[in-house]
Amino acid sequence: MPAVSFQGVAKTFTGARGTLRALDGVSFDIERGEFFGLLGPNGAGKTTLISILAGLARATEGHVSVMGHDVVEHYADARRALGIVPQELVFDPFFSVREALRIQSGYFGVRGNDAWIDELLEGLGLADKASANMRQLSGGMKRRVLVAQALVHRPPVIVLDEPTAGVDVELRQTLWQFIARLNKQGHTVLLTTHYLEEAEALCGRIAMLKQGRIVALDRTANLLAATAGSVLRFKTDDVLPADLAARARVTGRIAQVSAHDAAEVEQILARLRASQVRVEDLEIGRADLEDVFLSIMQGGAAAATTAEAHA
Ligand SMILES: Nc1ncnc2c1ncn2[C@@H]1O[C@H](COP(=O)(O)OP(=O)(O)OP(=O)(O)O)[C@@H](O)[C@H]1O
Ligand SMILES: [Mg+2]
């Protein structure tokens, strides 16, 4: 039995301006103990899929189960198996951190779990904030409390919807250490994030959603291997020729162009020379998940992995 199973999930929103098919036949399983990444651009449908998993929204079509419990028919069992860190910061300003965690435990009928609450506070760097009021916390600290709240009942399946948005570097590392430890202990993790280097480092398998459909699903290593092998990175103040500009990833004065092999690297360099683009700090590196993501979202590559997603 998989930890999470999505079968033919569709979701249509109907509003004044017509209907929107936010999810369009999403099917895949997450096995127990996996660290699974769900990636996609803004509006791809990630949070909608998680809302359906959490029982907060109803699928228009299809079925979803958690640890064998259908999220509609056996809502309470399914919900108890899940720890969900929501994308939006929602909290009750009147309680202290510890109170909020005790109240959350109460929702799941868990009592006398103060030792675990202390461990959560410690592991998430909140120990010195235990008696602070929720409204006194900074945004990043509130997000850490949301993570702790999701874990109070020790759910076998942990779902994190952009848990590191707005969280500083040090804290991201603390958070990932903690989640990775839980994953090693057997907890299944489903993560959405826009920090693709986090997904690359943490997730064993990754699904990519685009406009409500799975467009790639494979082991992270296979996704990396299937797309462009190398990336040329350099700084320049000059304008790139149109053909290179169209395929380059530009951040300020840093440009990155991916290449499949050494011959292509050679071609790109020749093209830069011919168009008199002055280049500084040139380096050739391995393609990372961001390159893979962009190439898949732009509609290239990964046909083979798409087929697997529907298998
Ligand atoms: N309650 C709703 N009513 C109408 N449309 C909605 C509703 N919730 C989401 N949508 C639409 O469904 C689509 C998917 O939204 P969703 O929040 O699932 O995206 P996402 O992948 O989580 O994006 P992000 O990376 O920005 O969090 C979007 O077009 C969004 O506008
Ligand atoms: Mg979202």
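This text walks through the structure from the whole chain down to single residues.

The model is predicted. Start with the whole chain. Its C-alpha atoms fill a box of roughly 70 × 45 × 45 Å, taken along the principal axes. The chain has 311 residues, and buried residues make up 38% of them. Its secondary structure comes to twelve helices and 14 strands. Now look at the contacts in the chain with a separation of 6 or more. Residues 24 or more positions apart account for 70% of these contacts.

Next come the domains. The chain is divided into two parts: domain 1 covers 4-81 + 155-224, and domain 2 covers 228-286. The centres of domain 1 and domain 2 are 35 Å apart.

Now find a pair of helices. Two packed helices are described by the angle between their axes and the distance between the axes. Helix 3 spans residues 97-107, and helix 5 spans residues 139-151. They pack at an angle of about 30°, and their axes are 9 Å apart. Angles under 35 degrees count as roughly parallel, so helix 3 is roughly parallel to helix 5. The crossing of helix 3 and helix 5 is right-handed.

Which residues meet where helix 3 faces helix 5? Helix 3 brings V97, A100, L101 and Q104. Helix 5 brings V145, A148 and Q149. Sorted by type, the residues of this contact are five nonpolar, two polar and no charged.

Helix 4 is the next stop. It runs over residues 114-123, and I117, L120, L121 and G123 in it are buried.

Most residues other than glycine have a negative phi, and most peptide bonds are trans. E162 is not a glycine, yet its phi is positive, near 50°. Find E162 in the loop between strand 7 (157-161) and helix 6. Is E162 buried, exposed or partly exposed? E162 counts as partly exposed because it has 19 C-beta neighbours inside 10 Å; a buried residue needs 20 or more.

D281 is another residue with a positive phi, about 45°, although it is not a glycine. D281 lies in strand 14, which holds residues 280-286. Why is D281 exposed? D281 has 10 other C-beta atoms within 10 Å, so it is exposed. The limit for exposed is 12 or fewer.

V239 sits in the loop between strand 11 (230-235) and helix 9 (242-247). V239 counts as exposed because it has 10 C-beta neighbours inside 10 Å. Compare its place in sequence and in space. V239 and L217 are 22 residues apart in sequence. Their C-alpha atoms are 36 Å apart in space.

Finally, turn to Y195, in the loop between strand 8 (188-192) and helix 7 (196-202). Y195 has 17 C-beta neighbours inside 10 Å, so it counts as partly exposed. How many residues along the chain lie between the positions of Y195 and E290? The two are 95 residues apart along the chain, and their C-alpha atoms are separated by 8.8 Å.

Methods:
Residues are numbered from 1 along each chain as its sequence is written. Chains are lettered from A and ligands numbered from 1 in the order in which they are written. This is a predicted model: local features need pLDDT of at least 70, side-chain atom pairs count only at pLDDT 80 or more; totals for chains, interfaces and linings use all residues. Axes are lines fitted to C-alpha atoms, for helices over the stretch in contact, and angles run from 0 to 180 degrees between N-to-C directions. Helices (H or I, at least four residues) and strands (E, at least two) are DSSP runs, numbered from the N terminus. Angles under 35 degrees count as roughly parallel, over 145 as roughly antiparallel, 65 to 115 as roughly perpendicular and the rest as oblique. A crossing is left-handed if the near helix is turned anticlockwise from the far one by less than a right angle, and right-handed if clockwise. Two residues are in contact if their C-beta atoms, placed from the backbone, lie within 7 Å. Ala, Val, Leu, Ile, Met, Phe, Trp, Tyr, Cys and Pro count as nonpolar, Asp, Glu, Lys and Arg as charged, and the others, Gly among them, as polar. Domain bounds come from an automatic or database domain assignment.
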